[in-house]
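Here is a brief report on helix packing, chain contact and model confidence. Please keep the structure open while reading.

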Amino acid sequence: MIADAASGVALALRGEGDPYALSRFLRQGDALASAAIRVLGADALAPYALDHRAGPGGEDETVVREALAAFPPKPDASDVSVWSYRGLVEASHAFLPGGANQWPPTPQAGSAWVATDPWPKLAHRVSQLAALALPGLASSLADELTARTDDLARGFVRAVRRRDWLQAAGLGRWLARLPEVPPTLGLDSGLGFVRQMCGGDARVTLHVVAAQRFYGRGW
Amino acid sequence: MVTDRTARIETEALAAEVDGLVEPTEPDGVFRDTRECGAGLLLLGLLLISPPTPRPKTDTR
């Protein structure tokens with residue numbers, strides 16, 4: 001189900017297929033659909049970041065509300081889990097009208113790890129938050145990550161060498177958003193390579209397509 | 001009542017699965033160091049093309 005939804009998002013980002021509607025892939029009242037939205041996070045609404053926003057009071061709004069209500073971060077949740085939830089809330093604020101019922105408030109997520117994590121751990125964590133690499137989302141996190149661009153570039157190379165395509169694609173997507181990526185990294189061809197080698201993995205493809213569509217990197 | 005309890009357990013299992021998917025552990029990587037592989041191939045090639053070990057001649061003439 002996650003793969004199907006990710007494929008649908010990637011297709012919409014490429015401008016192919018029917019006009020995007022999240023509720024066409026993930027229907028309301030289905031616990032698995034809510035789980036899939038929580039896993040995809042802000043990416044579930046990524047096509048709305050392009051130009052066309054969802055209409056007010058639509059089914060998309062309902063399925064996102066269900067996902068946010070069903071899987072809130074627990075009190076002892078990790079920073080990644082809170083950031084991921086926050087990304088979905090921010091995307092809902094930005095791309096869905098909200099209607100009469102307000103969206104949940106954006107939770108506070110810790111970011112001390114950005115400065116203190118050693119680079120392999122940082123790279124792994126940042127790749128888990130690839131869905132936040134959407135225009136206008138998690139701006140404070142993007143600003144803090146800019147200072148560690150070189151470490152993320154190291155992580156990208158490491159992930160490619162490990163053949164960890166999901167991590168490589170997630171990192172490549174973040175690097176595409178950051179302003180000072182070293183040109184010697186070869187990010188564009190690297191992302192193309194990851195896409196070729198991932199064997200059609202839907203989530204990897206989604207990250208590569210998002211990097212291309214929103215930031216013009218990769219092929 | 002039994003149904004409710006089952007539903008709660010299923011929800012908790014699903015929540016745990018979601019946590020695992022949101023924050024997947026890093027898989028163990030398999031490294032193949034290009035330099036080590038190259039050195040191994042070179043050694044194998046040298047062994048294959050090396051001349052046979054000289055043997056003492058058995059001709060007694």
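Helix 11 of chain A and helix 12 of chain A are roughly antiparallel, because their angle falls in the class for values over 145 degrees. Helix 11 (residues 187-197) of chain A and helix 12 (residues 202-215) of chain A pack at about 155 degrees, axes 9 Å apart. Helices here are DSSP runs (H or I, at least four residues), numbered from the N terminus. Axes are lines fitted to C-alpha atoms over the stretch in contact, and angles run from 0 to 180 degrees between N-to-C directions.

Leu191(A), Val194(A) and Arg195(A) of helix 11 of chain A contact Val204(A), Thr205(A), Val208(A) and Ala211(A) of helix 12 of chain A. Contact means C-beta atoms, placed from the backbone, within 7 Å.

## Helices 3 and 4

The axes of helix 3 (residues 31-40) of chain A and helix 4 (residues 59-70) of chain A come within 8 Å and cross at roughly 80 degrees. Helix 3 of chain A is therefore roughly perpendicular to helix 4 of chain A (65 to 115 degrees).

## Chain contact

On chain B, 11 residues contact 13 residues of chain A.

## Confidence and conventions

This is a predicted model: local features need pLDDT of at least 70, side-chain atom pairs count only at pLDDT 80 or more, and totals for chains, interfaces and linings use all residues. Residues are numbered from 1 along each chain as its sequence is written, with chains lettered from A and ligands numbered from 1 in written order.

Chain A has a mean pLDDT (the predictor's confidence in each residue, from 0 to 100) of 89. In chain A, 95% of residues reach 70 or more.

Definitions and conventions. Contact = placed C-beta atoms within 7 Å. Helix = DSSP H or I, 4+ residues; strand = E, 2+ residues; numbered from the N terminus. Parallel < 35°, antiparallel > 145°, perpendicular 65-115°, else oblique.
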